[in-house]
Amino acid sequence: MELKDIYENVINGQAPAVEAGVKAALASGVAADAILNQALIAAMDEVGRRFEEGDFFVPEMLIAARAMQAGLNHLKPYLAESSIKSAGKVAIGTVKGDLHDIGKNLVAMMLEGAGFEVKDLGVDVSPEAFVKAAQEGAQVVGMSALLTTTMSNMEKTIQALKDAGLRESVKVIIGGAPVTQDYANRIGADAFAPDASSATRTVRQLLGN
Amino acid sequence: METVLTNKDKQVIISPDHPFVIIGERINPTRRKKLAESMAQSRFDLVQEDAINQVSAGAQVLDVNAGIPGADEPALLRGAVEAVLGVTDVPLCFDSANPDALEAALSIYPGKALINSTTAEESMMSRVLPLVKKYHAAVIGVITDESGIPATPADRLAVARKLVQRAADFGIPAEDVVIDCLALTVGADSKAGRVTLDSMQLIQSELGVNLSLGASNVSFGLPDRKIINVAYLALGIARGLTAAITDPTVPEIQTTLMACDLLMGRDDYAMRWIQAFRRREKAKAAAQS
């Protein structure tokens with residue numbers, strides 16, 4: 001019952017209620033990983049599904065992610081205690097020369113909502129900064145570009161990963177309004193995702209979970 | 001302040017005392033698969049179709065963008081511009097961040113074009129402004145600089161001032177700098193629309209320059225985007241917006257902008273409004289018969 005409430009409150013973007021729900025569930029002895037998987041992650045999956053279907057809009061996704069975040073922050077110490085493994089490490093950013101961050105932020109939030117450890121590199125991210133994140137253990141590098149003029153920096157980043165000898169050890173996923181599957185194939189990215197929800201699914205596939 | 005654009009002997013004036021100028025946005029291959037495929041093969045029939053449709057829907061200027069990843073942008077932009085010049089006589093706006101592409105278009109253009117755009121980043125201004133001067137064009141200055149998009153209207157005014165001053169350094173008068181206050185997405189930040197409106201008002205009153213806006217970004221991620229976009233244009237016009245890069249083939253945009261002109265005192269005896277009404281009635285009657 002409690003988990004169902006948390007789940008509903010995440011979907012409805014009620015951050016204080018989610019936080020209170022997580023506290024109450026922990027106090028009554030519900031396992032942290034059950035709260036994470038059956039309430040928080042399950043809710044964000046549902047939010048993603050609704051967004052893909054066109055039933056949910058960007059602000060609803062943002063407040064749901066914020067509510068999930070509020071719950072997750074409270075849950076984190078307990079997760080560490082019970083040594084729950086993260087779903088994987090992802091570094092994400094908008095490429096050099098490009099300041100658009102909404103899509104990138106949505107993807108980052110959805111990935112966190114799906115249990116990934118996300119390092120958000122921000123906007124205007126140089127190839128070197130992506131390389132550094134990969135050196136620091138990111139298993140997936142996610143790049144966003146909203147301009148035809150900055151897309152080419154995705155290719156440059158992939159080249160920089162190759163030059164650093166890291167291309168074989170990381171998966172590269174790209175997205176953004178002008179980006180297509182064709183373009184991903186052409187520049188040698190591992191995957192393309194058209195929106196935040198499918199990005200989460202695709203990253204799960206890339207890491208084989 | 002008057003920003004005059006020309007194409008041969010055809011002239012368009014952007015100014016608070018003239019009708020609002022619609023810069024037609026449709027000639028842009030981003031997210032338009034068919035158009036992108038044909039342009040990539042140097043076929044410009046769809047470009048010409050878009051040009052004709054937008055002008056008949058009320059575009060006074062046409063934006064031309066030929067940014068296709070991996071393609072030869074200078075050649076494509078020049079080809080698209082030639083194609084558009086072949087079917088319309090309105091002034092053009094060249095939409096590229098590539099100085100070579102801009103120069104390829106400017107060098108064949110018979111008049112005073114608008115360049116879309118430069119930011120206030122020194123690396124951009126030092127490449128774009130010399131072209132504006134050399135070809136006696138006008139330029140859209142987007143208020144973002146090395147540190148990103150300023151958060152407050154006062155900081156946006158400072159960036160707009162920098163754009164106007166740097167243009168002056170190159171011998172470009174303030175009337176040939178049209179400032180774009182950047183419509184950010186209200187779906188991600190509920191205050192974003194307001195900050196841009198306040199910036200427009202401040203920049204208009206302090207610098208007196210013409211203002212343009214790529215308005216459709218404001219409604220990204222929301223339902224019924226058209227209504228939001230149109231309301232935003234109307235609010236902007238009340239604060240000094242004199243041009244917008246938008247889609248005139250959307251009937252609501254066309255009629256709202258015309259109503260704004262009437263309400264802002266730019267349509268004597270409501271003649272344009274009445275004529276446009278008659279055209280709509282006629283089209284309706286023709287569709288019914």
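**A helix and its partners**

Modeller: Helix α3 of chain A and helix α9 (residues 196–206) of chain A pack at an angle of about 125 degrees, with their axes 8 Å apart. Here helices (H or I, at least four residues) and strands (E, at least two) are DSSP runs numbered from the N terminus, while axes are lines fitted to C-alpha atoms, for helices over the stretch in contact, and angles run from 0 to 180 degrees between N-to-C directions. α3(A) and α9(A) are therefore oblique to each other, given that angles under 35 degrees count as roughly parallel, over 145 as roughly antiparallel, 65 to 115 as roughly perpendicular and the rest as oblique. This is a predicted model, in which local features need pLDDT of at least 70 and side-chain atom pairs count only at pLDDT 80 or more, whereas totals for chains, interfaces and linings use all residues. Residues are numbered from 1 along each chain as its sequence is written, and chains are lettered from A and ligands numbered from 1 in the order in which they are written.

On the α3(A) side, Gly48(A), Arg49(A), Phe51(A) and Glu52(A) meet Ala196(A), Ser197(A), Ser198(A) and Thr200(A) of α9(A), where contact means C-beta atoms, placed from the backbone, within 7 Å. This contact has two nonpolar, four polar and two charged residues (Ala, Val, Leu, Ile, Met, Phe, Trp, Tyr, Cys and Pro count as nonpolar, Asp, Glu, Lys and Arg as charged, and the others, Gly among them, as polar).

With α4(A), α3(A) packs at an angle of about 165 degrees, their axes lying 10 Å apart, which makes α3(A) roughly antiparallel to α4(A). The residues that make this contact include Leu36(A), Leu40(A) and Phe51(A) from α3(A), together with Met68(A), Leu72(A) and Leu75(A) from α4(A). By class, the contact of α3(A) with α4(A) divides into 15 nonpolar residues, one polar and one charged.

Finally, the domain assignment (automatic or from a database) gives chain A a domain 1 (2–81) and a domain 2 (89–206). Twelve residues from domain 1 of chain A and twelve from domain 2 of chain A take part in their contact. On the domain 1 side, α3 (32–53) and α4 (58–81) of chain A each supply at least two residues, and α3(A) gives the most, with eight residues. That side of domain 1 has eight nonpolar, two polar and two charged residues.

How values were computed
Two residues are in contact if their C-beta atoms, placed from the backbone, lie within 7 Å.
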